[in-house]
Amino acid sequence: LDNLLDQQATLLEDLKTTQALLEVQRVKVTTAEAAVAEQREAAAANLVRKQELERKAAAARSEVAAFVEASRKAAVTAQAMRAADRRKLLASKRKEARIQKLILERAKNQNNGGNYTGGGDGFLFRPVPGAITSPYGYRVHPIYGYYSLHDGDDFSAPCGTPERAGAGGRVISEYYSDVWGNRLYLDVGRVNGKHMTLIYNHISSYKARTGDRVSRGEVVAYSGTTGWSTGCHLHFTVLIDGKAVDPQKYM
């Protein structure tokens, strides 16, 4: 009987040991399953993240390609516009050359227009009351960015401001230029032995016309922003024997 009890006790102890080992294994399996599930979730999240990054990368590549194409088209358009503006500028210069020839021919006539002799300061009537916003001299062009001679004074003049004759004389030309807009040439005659011509640019409308004789201070036109212009103003040029000079020498 004692042997039987000992055997049963041993079996019971072995059973407890086996149960303990099984519990340990169950915990390990549960832990492993949890780790696998966590890894699967992480892998799924990484896959979603990877797909999202790939989508964003594709969108970025598409945006870059669109930007490159837009830049290319803009460059082509800009080149075409510059070429067109250059043609307009050359056409304007040809027109100016013809008028300059007329001015020089008129300059040969000693009796044409006035024949003033005296101090230059104060000779010209101020064409508009506004301040000078960009004086005669070399500068960077406000629209195209190139460095060149600004051949006159820019006066502040809201659209429609009356522009007055700087001196008495005869209007010898008024026409439209793609560059200068509506412009008017006023032949003043000789001033201290040299021929003076006044040019009014970017005009909105004319008061005087070719052939009209006007007096000093008389309205000849109205300010505007025609041609290559960033806003209403008067670009006022003084020519002496056909060449632009600083208008302030005569004001």
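Predicted model: local features only at pLDDT ≥ 70, side-chain atom pairs only at ≥ 80, totals over all residues.
Local features need pLDDT of at least 70 and side-chain atom pairs count only at pLDDT 80 or more, while totals for chains, interfaces and linings use all residues. Residues are numbered from 1 along each chain as its sequence is written, and side-chain values use heavy atoms, with hydrogens and water left out.

**View 1. The aromatic cluster of Phe155, Tyr200 and Phe236.** Rings of Phe, Tyr and Trp (its six-membered ring) pair if their centres lie within 6.5 Å; planes under 30 degrees apart count as stacked, over 60 as edge-to-face and the rest as tilted. By this rule there are three aromatic pairs. In one of them, Phe155 and Phe236 have ring centres 6.3 Å apart and planes at 70°, so the pair is edge-to-face. Phe155 belongs to strand β5 and Phe236 to strand β12 (residues 233–240), 81 residues apart in the chain. Strands here are DSSP runs of E with at least two residues, numbered from the N terminus. Both of these Phe residues are buried, meaning under 20% relative accessible area with a 1.4 Å probe and protein chains only. Tyr200 also meets Phe236, with ring centres 5.3 Å apart and planes at 65°, so this pair is edge-to-face. Tyr200 sits in strand β9 (residues 194–206) and Phe236 in β12, so the contact ties together parts that are 36 residues apart in sequence. Tyr200 is buried as well.

**View 2. The largest nonpolar core, with 28 residues.** A nonpolar core is a set of buried Ala, Val, Leu, Ile, Met, Phe, Trp, Tyr and Cys residues joined through side-chain atoms within 4.5 Å. The residues with the most contacts inside this core are Leu124, Met196, Leu198, Tyr200, Phe236 and Val238. Two or more residues each come from β8 (181–191), β9, β11 (219–223) and β12, and β9 gives the largest share, five residues. Take a moment with Val238: leaving aside neighbours within four places in sequence, its contacts (heavy atoms within 4.5 Å) include Leu124, Met196, Leu198 and Tyr250. A second, separate core of seven residues includes Ile172, Tyr175, Tyr185 and Leu239.

**View 3. His150 and its polar partners.** His150 is placed in strand β4 (residues 147–150) and, at 4% relative accessibility, counts as buried. A polar contact is a pair of N or O atoms within 3.5 Å; within protein, one must be able to donate a hydrogen and the other to accept it, and residues adjacent in sequence count only if both atoms are side-chain atoms. The His150 side chain reaches the backbone oxygen of Gly152 at 3.0 Å, and a polar contact of 3.1 Å joins it to the side chain of His235. Not counting residues up to four places away in sequence, His150 touches residues including Ser134, Tyr136, Arg139 and His235.

**View 4. Strand β7 (residues 169–177) and its pairing partners.** Seven of the nine residues in β7 are buried. Two strands pair if DSSP finds at least two bridges between them. With β8, β7 pairs in the antiparallel sense over seven bridges, and Val171 stands opposite Leu186. These two strands form a hairpin with three residues between them. With strand β10 (residues 213–214), β7 pairs in the antiparallel sense over two bridges, and Gly169 stands opposite Val214.

**View 5. Thr161 in a loop.** Thr161 is found between β5 (153–156) and β6 (162–164). At 14% relative accessibility, Thr161 counts as buried. Beyond four places in sequence, Thr161 touches Val128, Pro129, Ala221, Tyr222 and Ser223.

Methods. Helix = DSSP H or I, 4+ residues; strand = E, 2+ residues; numbered from the N terminus. Buried < 20%, exposed > 50% of the residue type's maximum accessible area, 1.4 Å probe, protein only.
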